[in-house]
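Subject: A structure for you to look at

Hi there,

Here is the structure I promised to pass on to you. Please open it beside this email and follow along as you read.

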Amino acid sequence: MAEARKSNITDIINTYSKRLMGFIRKRVANEADAEDILQDVFYQLVGNTRPIEQLTGWLFTVTRNKITDKQRKKKPELLDDLYSGPDNETSFDWSELFFDDTGNPETEYLKNLFWETLHRALDELPAAQRDVFVLNEIEGVPFKEIAEKTGETINTLLSRKRYAVLHLRERLSILRDELLTN
């Protein structure tokens with residue numbers, strides 16, 4: 001039964017990928033975003049437990065919704081954003097803490113607070129997202145090597161890291177805001 005479902009999903013992906021990608025590309029400027037949206041659509045398909053009567057309509061509706069969600073959430077996705085706030089806010093740059101070797105107790109406290117918050121936020125992530133973030137960003141393992149080791153595609157790994165960065169940025173911005181308002 002599971003093998004038949006897997007084969008059916010593979011057939012659907014093979015049949016609809018090009019059409020959906022063309023639909024997405026007309027509405028999204030960035031190729032990486034287009035690939036992420038397509039991947040999200042197929043994740044939703046795989047996770048769907050209810051019968052789908054009109055598959056084509058369902059796929060295009062989900063795709064349109066994913067495009068809308070992406071446009072609403074559009075933010076810069078640079079990892080550097082984890083460490084520094086937007087230019088229009090009060091300046092607070094986490095990276096300044098990492099290069100401060102003065103031994104100042106307040107700086108040491110802030111460093112510890114940063115790492116504790118980062119580790120808690122990492123623990124909140126799904127294992128696949130956490131692992132790719134830690135391997136690539138903290139341990140410095142290239143995506144190509146991670147892909148060879150795990151059998152995942154580089155695009156899948158990039159997508160997982162992107163979701164991890166978004167989550168971590170949100171959690172660290174909460175800490176930054178708390179520090180700036182107190």
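A helix axis here is a line fitted to C-alpha atoms over the stretch in contact, and an angle between axes runs from 0 to 180 degrees between N-to-C directions. Helices are DSSP runs of H or I with at least four residues, strands are runs of E with at least two, and both are numbered from the N terminus.

Two notes on the source: this is a predicted model, where local features need pLDDT of at least 70, side-chain atom pairs count only at pLDDT 80 or more, and totals for chains, interfaces and linings use all residues. Residues are numbered from 1 along each chain as its sequence is written, and side-chain values use heavy atoms, with hydrogens and water left out.

Let's start with the whole chain. The protein chain has eight helices and zero strands. Of its 182 residues, 36% count as buried, where buried means under 20% relative accessible area, exposed means over 50% and partly exposed lies in between (1.4 Å probe, protein chains only).

Helix α7 (residues 143-150) packs against helix α8 (residues 154-181) at an angle of about 110 degrees, and their axes are 9 Å apart. So α7 is roughly perpendicular to α8 (65 to 115 degrees; under 35 is roughly parallel, over 145 roughly antiparallel and the rest oblique). Which residues of α7 meet α8? They are Phe143, Lys144, Ile146, Ala147 and Thr150, and their partners in α8 are Ile154, Leu157, Leu158 and Lys161. By class, this contact of α7 with α8 has six nonpolar, one polar and two charged residues (nonpolar: Ala, Val, Leu, Ile, Met, Phe, Trp, Tyr, Cys and Pro; charged: Asp, Glu, Lys and Arg; polar: the others, Gly among them). Contact means heavy atoms within 4.5 Å.

Next, the aromatic rings. A search of the whole structure finds two aromatic pairs. Rings of Phe, Tyr and Trp (its six-membered ring) pair if their centres lie within 6.5 Å; planes under 30 degrees apart are stacked, over 60 edge-to-face and the rest tilted.

Phe23 and Phe60 form an edge-to-face pair, 5.1 Å centre to centre with 90 degrees between the planes. This pair links distant parts of the chain, 37 residues apart: Phe23 is in helix α1 (residues 2-25) and Phe60 in helix α3 (residues 55-72). Phe23 is buried at 13% relative accessibility, and Phe60 is buried at 14%.

Phe114 and Trp115 also pair edge-to-face, at 5.2 Å and 85 degrees. Phe114 is buried at 1%, whereas Trp115 is partly exposed at 36%.

Enjoy exploring!
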